[in-house]
Amino acid sequence: MLQRRAGYANQRTPLVGHQHQRVRDYLSTCTGSVSNFYSPMGSPQGSDDEDEEGAGPRSRLSEEDRALRQQAEENCRRALDLLNSSDWKQEEVFDDDDILFSRRVGSHTLFMFTCTVSCPTETFANELIHNCDHCPEWNGSLTSCRQLQRIDGQCEVRYQQTGPFLGGMVSPRDFINLRLAGRKGLMFFSSVVSIAHRDDPRPSDMVRAVNRPTIITIRPCVRRPRHCVVEWLMNFDCRVGMVPRRMTDRGTRQAARSLHSYLRQLGRRLAAAEV
(Lines give C-alpha, C1' and ligand atoms only; values in the text may rest on other atoms or scores of the structure.)
Protein backbone atom coordinates (compact mmCIF):
# COMPACT_ATOMS: atom_id res chain seq x y z
CA MET A 1 0.00 0.00 0.00
CA LEU A 2 1.60 3.19 1.18
CA GLN A 3 5.15 2.46 0.16
CA ARG A 4 7.82 4.98 -0.75
CA ARG A 5 6.50 7.67 -3.09
CA ALA A 6 8.81 8.89 -5.78
CA GLY A 7 8.79 12.45 -6.99
CA TYR A 8 8.08 14.40 -3.81
CA ALA A 9 9.01 18.02 -4.32
CA ASN A 10 9.10 18.76 -0.59
CA GLN A 11 7.84 17.48 2.74
CA ARG A 12 4.38 19.01 2.32
CA THR A 13 3.60 17.65 -1.15
CA PRO A 14 0.15 15.98 -1.35
CA LEU A 15 0.01 12.28 -2.21
CA VAL A 16 -0.68 12.03 -5.92
CA GLY A 17 0.28 9.91 -8.90
CA HIS A 18 0.32 6.21 -9.74
CA GLN A 19 1.61 4.99 -6.38
CA HIS A 20 -1.30 6.55 -4.52
CA GLN A 21 -3.78 5.26 -7.11
CA ARG A 22 -2.53 1.74 -6.38
CA VAL A 23 -3.20 2.40 -2.70
CA ARG A 24 -6.75 3.53 -3.47
CA ASP A 25 -7.37 0.52 -5.73
CA TYR A 26 -6.10 -1.88 -3.07
CA LEU A 27 -8.10 -0.36 -0.23
CA SER A 28 -11.25 -0.12 -2.32
CA THR A 29 -11.48 -3.92 -2.15
CA CYS A 30 -11.87 -3.61 1.63
CA THR A 31 -14.79 -1.21 1.79
CA GLY A 32 -17.60 -3.29 0.37
CA SER A 33 -19.61 -5.82 2.38
CA VAL A 34 -17.63 -5.44 5.56
CA SER A 35 -19.41 -8.13 7.54
CA ASN A 36 -18.44 -10.81 5.04
CA PHE A 37 -14.68 -10.50 4.76
CA TYR A 38 -13.44 -10.69 8.34
CA SER A 39 -11.80 -13.86 9.53
CA PRO A 40 -10.39 -14.11 13.05
CA MET A 41 -6.69 -14.19 13.72
CA GLY A 42 -5.48 -17.74 14.10
CA SER A 43 -8.67 -19.24 12.56
CA PRO A 44 -8.93 -20.55 8.99
CA GLN A 45 -11.45 -19.11 6.57
CA GLY A 46 -14.78 -20.84 7.03
CA SER A 47 -14.09 -22.02 10.59
CA ASP A 48 -16.71 -21.99 13.34
CA ASP A 49 -15.59 -18.49 14.32
CA GLU A 50 -16.46 -17.09 10.90
CA ASP A 51 -19.23 -14.51 11.27
CA GLU A 52 -21.21 -14.35 8.06
CA GLU A 53 -24.54 -12.66 7.62
CA GLY A 54 -27.29 -14.75 9.22
CA ALA A 55 -25.09 -17.76 10.00
CA GLY A 56 -22.74 -19.09 12.61
CA PRO A 57 -22.00 -17.44 15.96
CA ARG A 58 -23.11 -14.01 14.77
CA SER A 59 -26.73 -15.21 14.65
CA ARG A 60 -26.43 -16.14 18.34
CA LEU A 61 -25.19 -12.73 19.51
CA SER A 62 -27.31 -10.72 21.90
CA GLU A 63 -28.95 -7.54 20.65
CA GLU A 64 -26.33 -5.50 22.51
CA ASP A 65 -23.45 -7.48 21.03
CA ARG A 66 -24.88 -7.25 17.52
CA ALA A 67 -25.03 -3.47 17.92
CA LEU A 68 -21.39 -3.39 19.04
CA ARG A 69 -20.35 -5.59 16.13
CA GLN A 70 -22.18 -3.31 13.70
CA GLN A 71 -20.51 -0.26 15.26
CA ALA A 72 -17.10 -1.94 14.94
CA GLU A 73 -17.71 -2.69 11.25
CA GLU A 74 -18.79 0.87 10.54
CA ASN A 75 -15.74 2.18 12.35
CA CYS A 76 -13.50 -0.05 10.23
CA ARG A 77 -15.06 1.36 7.06
CA ARG A 78 -14.52 4.91 8.30
CA ALA A 79 -10.90 4.21 9.26
CA LEU A 80 -10.18 2.66 5.86
CA ASP A 81 -11.75 5.69 4.18
CA LEU A 82 -9.36 7.93 6.13
CA LEU A 83 -6.40 5.74 5.17
CA ASN A 84 -7.60 5.81 1.57
CA SER A 85 -7.85 9.60 1.45
CA SER A 86 -5.91 11.66 -1.08
CA ASP A 87 -5.29 14.41 1.48
CA TRP A 88 -2.22 12.96 3.21
CA LYS A 89 0.95 15.05 3.15
CA GLN A 90 4.46 13.87 3.81
CA GLU A 91 5.94 14.98 7.14
CA GLU A 92 9.28 13.16 7.25
CA VAL A 93 11.12 10.05 6.10
CA PHE A 94 12.09 7.40 8.64
CA ASP A 95 14.65 4.63 8.26
CA ASP A 96 14.26 2.26 5.30
CA ASP A 97 12.29 4.86 3.30
CA ASP A 98 9.30 4.61 5.65
CA ILE A 99 7.26 7.80 5.81
CA LEU A 100 5.25 9.81 8.32
CA PHE A 101 2.19 11.56 6.87
CA SER A 102 -0.33 14.04 8.27
CA ARG A 103 -3.68 15.54 7.31
CA ARG A 104 -6.12 17.97 8.89
CA VAL A 105 -9.67 16.93 9.77
CA GLY A 106 -11.65 19.74 11.31
CA SER A 107 -9.74 21.14 14.24
CA HIS A 108 -7.36 18.24 14.76
CA THR A 109 -4.43 16.62 12.97
CA LEU A 110 -4.29 12.96 11.97
CA PHE A 111 -1.01 11.15 11.47
CA MET A 112 -0.17 7.95 9.66
CA PHE A 113 3.16 6.21 9.18
CA THR A 114 4.50 3.23 7.27
CA CYS A 115 6.96 0.75 8.72
CA THR A 116 8.86 -1.93 6.82
CA VAL A 117 9.43 -4.86 9.17
CA SER A 118 11.95 -7.68 8.68
CA CYS A 119 9.50 -10.46 9.58
CA PRO A 120 7.04 -12.62 7.61
CA THR A 121 3.59 -11.07 7.43
CA GLU A 122 1.57 -13.74 9.22
CA THR A 123 4.11 -14.14 12.01
CA PHE A 124 4.14 -10.41 12.65
CA ALA A 125 0.37 -10.02 12.35
CA ASN A 126 -0.32 -12.80 14.82
CA GLU A 127 1.84 -11.07 17.43
CA LEU A 128 0.80 -7.48 16.75
CA ILE A 129 -2.92 -8.05 16.25
CA HIS A 130 -3.80 -11.34 17.93
CA ASN A 131 -1.57 -11.20 21.00
CA CYS A 132 -2.78 -7.85 22.34
CA ASP A 133 -2.41 -8.68 26.03
CA HIS A 134 1.37 -8.70 25.50
CA CYS A 135 1.53 -5.34 23.69
CA PRO A 136 3.12 -3.52 26.68
CA GLU A 137 6.06 -5.94 26.44
CA TRP A 138 7.17 -4.42 23.13
CA ASN A 139 5.22 -1.14 22.92
CA GLY A 140 6.88 1.25 25.35
CA SER A 141 3.98 3.72 25.16
CA LEU A 142 1.55 1.26 26.83
CA THR A 143 1.54 0.16 30.46
CA SER A 144 -1.60 -2.02 30.35
CA CYS A 145 -3.77 -3.71 27.70
CA ARG A 146 -6.51 -6.24 28.50
CA GLN A 147 -9.84 -7.52 27.26
CA LEU A 148 -13.03 -6.28 28.94
CA GLN A 149 -15.56 -8.09 26.76
CA ARG A 150 -15.45 -10.64 23.95
CA ILE A 151 -18.12 -10.08 21.30
CA ASP A 152 -17.11 -12.83 18.86
CA GLY A 153 -13.98 -14.23 17.23
CA GLN A 154 -13.11 -10.89 15.60
CA CYS A 155 -14.71 -8.27 17.83
CA GLU A 156 -13.96 -7.27 21.42
CA VAL A 157 -13.76 -4.40 23.91
CA ARG A 158 -10.31 -3.66 25.34
CA TYR A 159 -8.91 -1.39 28.05
CA GLN A 160 -5.53 0.35 27.67
CA GLN A 161 -3.37 2.61 29.80
CA THR A 162 -0.50 4.70 28.43
CA GLY A 163 2.55 6.28 29.95
CA PRO A 164 3.12 10.06 30.16
CA PHE A 165 2.90 12.15 26.98
CA LEU A 166 4.87 15.15 25.74
CA GLY A 167 7.95 14.23 27.72
CA GLY A 168 6.03 14.02 30.99
CA MET A 169 4.08 17.27 30.55
CA VAL A 170 0.87 15.25 30.13
CA SER A 171 -0.02 12.55 32.66
CA PRO A 172 -0.86 8.94 31.68
CA ARG A 173 -4.15 8.37 29.86
CA ASP A 174 -6.50 5.43 29.44
CA PHE A 175 -8.83 4.24 26.65
CA ILE A 176 -11.76 1.86 26.27
CA ASN A 177 -11.67 0.63 22.68
CA LEU A 178 -14.10 -1.34 20.55
CA ARG A 179 -11.87 -3.43 18.29
CA LEU A 180 -12.39 -5.42 15.10
CA ALA A 181 -9.53 -7.57 13.80
CA GLY A 182 -9.05 -10.03 10.97
CA ARG A 183 -7.85 -10.19 7.39
CA LYS A 184 -8.88 -9.53 3.80
CA GLY A 185 -6.82 -11.48 1.31
CA LEU A 186 -3.18 -10.75 2.13
CA MET A 187 -3.98 -7.80 4.39
CA PHE A 188 -4.33 -8.17 8.17
CA PHE A 189 -5.97 -5.36 10.11
CA SER A 190 -7.02 -4.12 13.54
CA SER A 191 -9.44 -1.18 13.79
CA VAL A 192 -10.50 0.54 17.02
CA VAL A 193 -12.74 3.34 18.24
CA SER A 194 -13.42 4.50 21.80
CA ILE A 195 -16.73 3.69 23.47
CA ALA A 196 -18.33 3.87 26.91
CA HIS A 197 -18.62 0.52 28.71
CA ARG A 198 -20.50 -0.71 31.76
CA ASP A 199 -17.37 -2.37 33.18
CA ASP A 200 -15.23 0.76 33.08
CA PRO A 201 -12.13 0.08 35.25
CA ARG A 202 -10.75 3.63 35.13
CA PRO A 203 -8.93 4.72 38.30
CA SER A 204 -10.25 7.93 39.83
CA ASP A 205 -7.05 9.84 39.03
CA MET A 206 -6.81 8.72 35.37
CA VAL A 207 -7.79 11.03 32.49
CA ARG A 208 -9.86 9.30 29.79
CA ALA A 209 -8.56 9.79 26.25
CA VAL A 210 -10.44 9.02 23.03
CA ASN A 211 -9.56 7.05 19.93
CA ARG A 212 -11.41 8.24 16.86
CA PRO A 213 -11.63 5.80 13.90
CA THR A 214 -8.18 4.22 13.85
CA ILE A 215 -6.66 1.26 12.05
CA ILE A 216 -3.44 -0.74 11.68
CA THR A 217 -2.89 -2.78 8.50
CA ILE A 218 -0.18 -5.33 7.77
CA ARG A 219 0.60 -6.79 4.34
CA PRO A 220 3.52 -8.47 2.57
CA CYS A 221 6.28 -6.23 1.26
CA VAL A 222 6.30 -6.73 -2.50
CA ARG A 223 9.93 -5.70 -2.94
CA ARG A 224 11.45 -7.75 -0.09
CA PRO A 225 10.69 -11.40 0.70
CA ARG A 226 10.03 -12.25 4.37
CA HIS A 227 9.28 -8.60 5.11
CA CYS A 228 5.94 -6.92 5.75
CA VAL A 229 4.67 -3.34 5.68
CA VAL A 230 2.64 -1.82 8.51
CA GLU A 231 0.41 1.24 8.05
CA TRP A 232 -0.62 2.81 11.35
CA LEU A 233 -3.30 5.50 11.44
CA MET A 234 -3.02 7.70 14.58
CA ASN A 235 -6.33 9.43 15.24
CA PHE A 236 -6.86 10.23 18.92
CA ASP A 237 -7.57 12.97 21.44
CA CYS A 238 -5.54 12.86 24.65
CA ARG A 239 -7.76 15.51 26.27
CA VAL A 240 -4.90 17.87 27.06
CA GLY A 241 -7.01 20.96 27.69
CA MET A 242 -5.18 24.22 26.97
CA VAL A 243 -1.99 22.65 25.60
CA PRO A 244 -1.42 24.25 22.14
CA ARG A 245 -2.12 22.04 19.14
CA ARG A 246 1.41 22.53 17.81
CA MET A 247 2.74 20.92 21.00
CA THR A 248 0.37 17.95 20.84
CA ASP A 249 1.20 17.49 17.16
CA ARG A 250 4.89 17.52 18.01
CA GLY A 251 4.24 14.92 20.70
CA THR A 252 2.32 12.73 18.27
CA ARG A 253 5.16 12.92 15.74
CA GLN A 254 7.54 11.73 18.43
CA ALA A 255 5.13 8.96 19.40
CA ALA A 256 5.07 7.83 15.75
CA ARG A 257 8.87 7.74 15.66
CA SER A 258 8.89 5.64 18.83
CA LEU A 259 6.22 3.24 17.52
CA HIS A 260 8.17 2.85 14.28
CA SER A 261 11.23 1.85 16.30
CA TYR A 262 9.23 -0.54 18.53
CA LEU A 263 7.70 -2.27 15.49
CA ARG A 264 11.07 -2.82 13.84
CA GLN A 265 12.55 -4.18 17.08
CA LEU A 266 9.59 -6.55 17.49
CA GLY A 267 9.97 -7.77 13.91
CA ARG A 268 13.65 -8.54 14.39
CA ARG A 269 12.92 -10.45 17.61
CA LEU A 270 10.14 -12.53 16.02
CA ALA A 271 12.19 -13.28 12.91
CA ALA A 272 15.16 -14.39 15.01
CA ALA A 273 12.91 -16.73 17.00
CA GLU A 274 11.85 -18.46 13.77
CA VAL A 275 15.41 -19.31 12.74
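Of the 275 residues of the chain, 53% count as buried, where buried means under 20% relative accessible area, exposed over 50% and partly exposed in between (1.4 Å probe, protein chains only). This is a predicted model, in which local features need pLDDT of at least 70 and side-chain atom pairs count only at pLDDT 80 or more, while totals for chains, interfaces and linings use all residues. Residues are numbered from 1 along each chain as its sequence is written, and side-chain values use heavy atoms, with hydrogens and water left out. The chain has five helices and twelve strands; helices (H or I, at least four residues) and strands (E, at least two) are DSSP runs, numbered from the N terminus. Among contacts with a separation of 6 or more, 62% are made by residues 24 or more positions apart, a contact being heavy atoms within 4.5 Å.

**Aromatic rings**

- Two aromatic pairs are counted, under the rule that rings of Phe, Tyr and Trp (its six-membered ring) pair if their centres lie within 6.5 Å, with planes under 30 degrees apart stacked, over 60 edge-to-face and the rest tilted.
- Phe113 and Trp232 form a stacked pair, with 6.0 Å from centre to centre and 15° between the planes.
- This pair links distant parts of the chain, as Phe113 belongs to strand E3 (residues 108-117) and Trp232 to strand E11 (residues 228-234), 119 residues apart.
- Elsewhere, Arg103 lies over the face of Trp88, at 5.9 Å from the ring centre; the criterion is NZ of Lys or CZ of Arg within 6 Å of the ring centre and within 35 degrees of the ring normal.

**Helices H3 and H5**

- The axes of helix H3 (residues 121-130) and helix H5 (residues 245-274) come within 10 Å and cross at roughly 120°. Axes are lines fitted to C-alpha atoms, for helices over the stretch in contact, and angles run from 0 to 180 degrees between N-to-C directions.
- H3 and H5 are therefore oblique to each other, since angles under 35 degrees count as roughly parallel, over 145 as roughly antiparallel, 65 to 115 as roughly perpendicular and the rest as oblique.
- From H3, Thr123, Phe124, Glu127 and Leu128 meet Leu263, Leu266, Gly267, Arg269, Leu270 and Glu274 of H5.

**Cys155**

- Cys155 is located in strand E5 (residues 155-162) and counts as buried because its relative accessibility is 1%.
- Leaving aside residues up to four places away in sequence, Cys155 touches Leu68, Arg69, Ala72, Arg150, Leu178, Arg179 and Leu180.
- Cys155 and Leu178 are 23 residues apart in sequence, and their C-alpha atoms are 7.5 Å apart in space.

**Partly exposed residues and positive phi**

- Lys89 lies in strand E1 (residues 89-93) and is partly exposed, with a relative accessible area of 33%.
- Asp96, in the loop between E1 and strand E2 (99-105), has a positive phi of about 60° although it is not a glycine. Asp96 counts as partly exposed at 31% relative accessibility.
- Arg239, in the loop between strand E12 (236-237) and H5, is a residue other than glycine with a positive phi, near 55°. Its relative accessible area of 45% makes Arg239 partly exposed.
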